[in-house]
Amino acid sequence: MSSRTLPLLFINLGGEMLYILDQRLRAQNIPADKAKKVMNDIITTMFNKKFLEELFKPQELYSKKALRTVFDRLAHASIMRLNQASMDKLYDLMTMAFKYQVLLCPRPKDILLVSFNHMDAIKDFVKDTPSILSQVDETYRQLIEMYTPLSSGEFQLIRQTLLIFFQDMHIRVSIFLKDKVQNSNGRFVLPTSGPVPHGTQVPGLIRMFSCTGEEVTRLQFNNGGNYTAAIREGSFEIFGDRVTKLGTNMYSVSRPVETHMSGTSKNSAQHTKVNAAPNPLAKEELNLLAKLMGGLEVQKPGNADSGFRVNLFATDEEEEEALISRPDELSYGVINIQATKDQQANAELAKIMGEFTESGDQSPSASSKGDDLLAMMDGL
């Protein structure tokens with residue numbers, strides 16, 4: 001597995017999370033200033049300097065549960081709150097969207113272009129907030145410095161690592177089902193048409209050469225698809241045309257998305273439960289996760305007036321039903337991490353935790369804003 005996969009996984013899933021939350025806030029006609037605060041708070045936490053320093057260190061991927069913990073913390077970095085069923089749905093949409101993008105990448109290196117599309121969108125979300133924009137630009141610089149020198153083989157390893165991570169996830173998404181790019185069992189349908197990868201030729205020709213290198217025979221064959229010549233290569237600079245649409249926003253108010261557990265997923269979950277064995281590296285993983293998260297424990301609001309709730313379902317009844325019907329194996333509990341338990345790491349973690357807290361501080365008016373938003377989104 002590639003040790004350079006985690007930053008790309010985090011940034012792309014984070015970009016999809018922001019697309020979804022932005023769509024939900026717009027769908028409820030939330031005032032622009034209030035929606036902007038939610039997005040700014042999440043992006044500020046997501047691009048926290050200490051957080052990214054740990055994220056960009058070469059390391060293997062965390063487990064699905066550990067990664068879910070990171071995004072649970074990010075989703076609750078503002079006054080917004082999600083119940084478990086809505087958080088499950090949000091995470092399902094994020095992961096299935098990025099899985100589809102990885103599968104569709106013409107070349108493994110195009111995963112970096114997908115990441116830049118997400119970064120471009122994130123920059124647009126905070127274009128009027130210079131302090132946050134500088135954080136995003138610094139991450140751009142790190143991405144370019146780390147990934148543009150990598151070989152095609154390294155990108156292939158990154159792609160395979162991502163596909164292994166996603167291989168047991170087969171959540172059906174309404175947009176994909178309607179567009180007929182996903183089957184009823186949650187598996188994606190890959191196209192046999194369109195432009196070929198940059199640097200390659202349209203399949204359909206076999207050329208034979210003599211021992212001296214002279215071409216002696218040409219044979220045509222049916223390639224089984226409708227391929228076209230490669231499009232120009234996308235830009236790997238901070239500013240540039242990425243060419244590919246993968247990683248851009250596929251959500252809109254007019255296209256609500258629903259997720260459904262497929263039979264295959266339920267069977268896979270049961271299979272996982274039967275074969276699950278205690279992981280001897282679990283303690284080490286939690287220690288690494290604690291360092292990554294800065295030892296910050298997700299705290300619930302102190303009272304009912306301190307935030308507002310977002311429901312990713314049409315009604316509260318649907319949300320409750322989804323929570324009940326979801327297999328326990330696919331419901332990710334939150335891992336609470338205490339920075340004070342390891343005395344040797346306490347000083348460092350407390351410092352990082354302090355920076356997280358400073359970046360996510362709520363304004364004195366956060367409570368009143370939560371009241372207004374809660375009233376507007378009760379029927380979501």
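Let's start with the lining of the second largest pocket. Three elements each supply at least two residues to that lining: α5, α6 (110–125) and β3 (193–195). Keep in mind that this is a predicted model. The pocket has a volume of about 640 Å³. In total, 26 residues line the second largest pocket. Closest to its centre sit L104, C105, P106, P195 and L246.

Two packed helices are described by the angle between their axes and the distance between the axes. Helix α5 covers residues 84–104, and helix α8 covers residues 152–166. Their axes come within 10 Å. They cross at roughly 140°. Roughly antiparallel would need an angle over 145 degrees. So α5 and α8 count as oblique to each other. The crossing is left-handed. Who makes the contact? On the α5 side, Y91, T95, F98, K99, V102 and L103. On the α8 side, R159, L162, L163, F165 and F166. By class, that contact holds eight nonpolar residues, one polar and two charged.

Helix α1 takes residues 6–27, helix α2 residues 32–46. How do these two axes cross, and within what distance do they come? They cross at roughly 170° and come within 11 Å. That angle is over 145 degrees, so α1 is roughly antiparallel to α2. From α1, the contact uses F10, I11, G14, G15, M17, L18, L21, D22 and L25. From α2, the contact uses A35, V38, M39, I42, I43 and M46. The residues of this contact divide into 12 nonpolar, two polar and one charged.

That's the tour. Questions, please.

Technical notes
Residues are numbered from 1 along each chain as its sequence is written. This is a predicted model: local features need pLDDT of at least 70, side-chain atom pairs count only at pLDDT 80 or more; totals for chains, interfaces and linings use all residues. Side-chain values use heavy atoms; hydrogens and water are left out. Axes are lines fitted to C-alpha atoms, for helices over the stretch in contact, and angles run from 0 to 180 degrees between N-to-C directions. Helices (H or I, at least four residues) and strands (E, at least two) are DSSP runs, numbered from the N terminus. Angles under 35 degrees count as roughly parallel, over 145 as roughly antiparallel, 65 to 115 as roughly perpendicular and the rest as oblique. A crossing is left-handed if the near helix is turned anticlockwise from the far one by less than a right angle, and right-handed if clockwise. Contact means heavy atoms within 4.5 Å. Ala, Val, Leu, Ile, Met, Phe, Trp, Tyr, Cys and Pro count as nonpolar, Asp, Glu, Lys and Arg as charged, and the others, Gly among them, as polar. On a 1 Å grid over the protein atoms alone, a cavity is a set of points where a 1.4 Å probe fits but cannot get out, and a pocket is an open set with protein on both sides within 12 Å along at least five of seven lines; lining residues have an atom within 4 Å of a point. Grid points are joined across faces, edges and corners, and a volume is the space filled by probe spheres set on the points.
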